[in-house]
Structures are given as C-alpha cells and as structure tokens.
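Welcome to the tour. Open the model in your viewer and follow the stops below.

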Amino acid sequence: MTLTELSPAVLADPRLAPLVASTATRSAGSAALAVSLAARTDLWEPLVRYRESSRWTALLEPDAVRPYLDPSLHAELAGSQIWLLTWLPGQGTPLHDHGDSAGAFAVAGCALTEVVVSGRRRTPTASQAELDTGRLRFFGPHYVHQVTNRSGEPAVSLHVYAPRLTAMNTYRLEGSRLVRTGTERAGVDW
C-alpha cells in the first residue's frame, strides 16, 4: 500500500492507533512519522520553496508537528529529526549514508529515483528504484544511497532520522569497491 492510498482521515482513524503505536516502538517508527507527516500536506505545503542552485531544505521542529500527530507517535518524536526537502528536476544527493542514524523518507510530491548500494564489505551492488508520490523507504544505520529528481517536475519529500543526524558519509563506487570520500558533520558542514 502506498501513501496515496491513505488519506489523512484514514491515518487519523482511532482504530489504527494500536498499529501506529506498535510501529512506533520499532525501528519502523520513523516510517510511521514520515507517512503521517507526508499525508498532512496542510503542515508542510505552505513552507515549500525551491532553489535553483541546490536542493532546498527546512528542519521541522518536533514541537511544531506534535499537535497534528496521533499521540502514539509522540514518544518517537523525542529523538527524531524531521527534514522537508524540495528537488527541482536534475537535483540530487551524492552517494551517502546517515552515519549512525536510521530513518525513513516519504515522497510527498512528484517522483524521485533512489540508487541503493548494498554489500559494503564485499563486492557492492547498486539497485535503482523509481519512487512516485506516496512511496516510502525506511532504512537502518549506514544505509548507502543516492536520491535524484530525474523527472521533469519539482518533487517534495519528508525525511525522519532517529537518532538525529550527526554525520553523513559520502561515497563513490570505484570498480568493485565502495570508497568513502568524506564526512559531513552536523553544525559544521551543514
């Protein structure tokens, strides 16, 4: 099932509370937050901006979104960081991970292409997926991927990380090896 199949009214249905609560206690709690927030376009759509030179980002404070989420997700918010990102056609990230943070992202508008590299300690392999509006990806620490807007329209996504991002490592594929090219530190490099 995709996000587009879940309306905000469905997500607010009290009968879903046990499912949402059980999800929030697992690593998929970030996924529950990402889906819930992406469905609430009224919260983030007025904030959306686009920038020609690079992706545009906005940090959403947990206290600002808490009143709009099911109470079963409130505990999950405590250790989370939420980013709203916009992507003009052609904009993307380098190949990167999120350090020790796990998380999820939901495509809230248009489409994004994700390349995932697996097998870091053995011969790495890359796979690609087209993620349309409503698609959700969740991941553990040290998940290596690249996200790009290859469509002809602007895209929007919501990203949730837990614990909060402190570092992101960048990589390149070099023959049959994944080579780390750098580390960006929160508060220093971004």
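Start by selecting valine 117: it stands opposite valine 144 in E7. Strands here are DSSP runs of E with at least two residues, helices are runs of H or I with at least four, and both are numbered from the N terminus; two strands pair if DSSP finds at least two bridges between them.

Now show the open sheet of three strands, in the order E5-E4-E7 with antiparallel pairing. Strand E5 (125–132) and strand E7 (144–148) each have a single partner strand, so one side of each is left without a neighbour in the sheet.

A word on the model: it is predicted, so local features need pLDDT of at least 70 and side-chain atom pairs pLDDT 80 or more, while totals for chains, interfaces and linings use all residues. Residues are numbered from 1 along each chain as its sequence is written, and side-chain values use heavy atoms, without hydrogens and water.

Next, select Leu37, Trp44, Val65, Leu69, Ile82, Leu84 and Leu158, which have the most contacts inside the largest nonpolar core, a set of 24 residues. Such a core holds buried Ala, Val, Leu, Ile, Met, Phe, Trp, Tyr and Cys joined through side-chain atoms within 4.5 Å, buried being under 20% relative accessible area with a 1.4 Å probe, protein chains only. Helix H3 gives the most to this core, with six residues.

Finish at the second, separate core of 16 residues, which includes Trp83, Phe139, Tyr143 and Val147.

Notes:
Buried means under 20% relative accessible area, exposed over 50%, partly exposed in between (1.4 Å probe, protein chains only).
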